[in-house]
Amino acid sequence: FNADVQQAVSEFQKFMCLNQDASVTLGTVDRKTWASLLISKGDVTRYANGCDCATVLDLEKAQALKAAGYHYVGRYLTGTTVSNGVRVPKALTRAEINAITTAGLTIFAIYQDGGASASYFGYEQGYSDAQKAYEAAKALYIPLPEIIYFAVDYDFTDKQTTEIVIPHF
């Protein structure tokens, strides 16, 4: 654990916003840092000022997020989700964009219409997803060059990352 590793750990902690948690000492490896390294959800008790949600937000819900200390909210460009056994829309709308920004939150766009298993991923699917994400963002007047994040609900092995995920993206 030399100075280079310590610097890399510190940079990772800053990237993961762990530096905003008073219990984390930059450059040291603690439970929160390990959790962030090893599993996709990281340490679910860590500080966050952003979230993503499949719930369509109205002004009241957006204001509640703002009051809870959030500044950023990720919303899905397309698709549906299941709530209480019923399939409901999770797609961002222009009215929702207005509600979120009126509440003082910043939006980041997310695309996901699949991805809970390794079989979903591959070059052709990635190409198709990129086209769908672009068209959905364009229809919502999301300006270029805004970033669209692509969600992955699966923890891949190193081999799968090389053979499946990288070609997909």
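Mentor: Start with a term: buried means under 20% relative accessible area, exposed means over 50%, and partly exposed lies in between (1.4 Å probe, protein chains only). L37 counts as partly exposed because its relative accessibility is 47%. This is a predicted model, where local features need pLDDT of at least 70, side-chain atom pairs count only at pLDDT 80 or more, and totals for chains, interfaces and linings use all residues. Residues are numbered from 1 along each chain as its sequence is written, and side-chain values use heavy atoms, with hydrogens and water left out.

Now the patch. F1, V5, V29, W34, L37, L38 and I39 form a nonpolar patch on the surface. Together they have about 700 Å² of accessible area (Shrake-Rupley method, 1.4 Å probe; for residues, only the protein chains shown count as cover). Patch residues have over 30% relative accessible area and no salt bridge; like charges are joined within 9 Å, and nonpolar side chains (Val, Leu, Ile, Met, Phe, Trp, Tyr) within 5 Å. A salt bridge is a side-chain nitrogen of Lys or Arg within 4 Å of a carboxyl oxygen of Asp or Glu.

Helix α2, residues 31-38, gives the patch its largest share, three residues. L37 is found in helix α2. Helices are DSSP runs (H or I, at least four residues), as are strands (E, at least two), numbered from the N terminus.

For contrast, take Q13. Q13 sits in helix α1, residues 3-15. Q13 is buried, at 0% relative accessible area. Its contacts (heavy atoms within 4.5 Å) include L18, V24 and T33, leaving out residues up to four places away in sequence.
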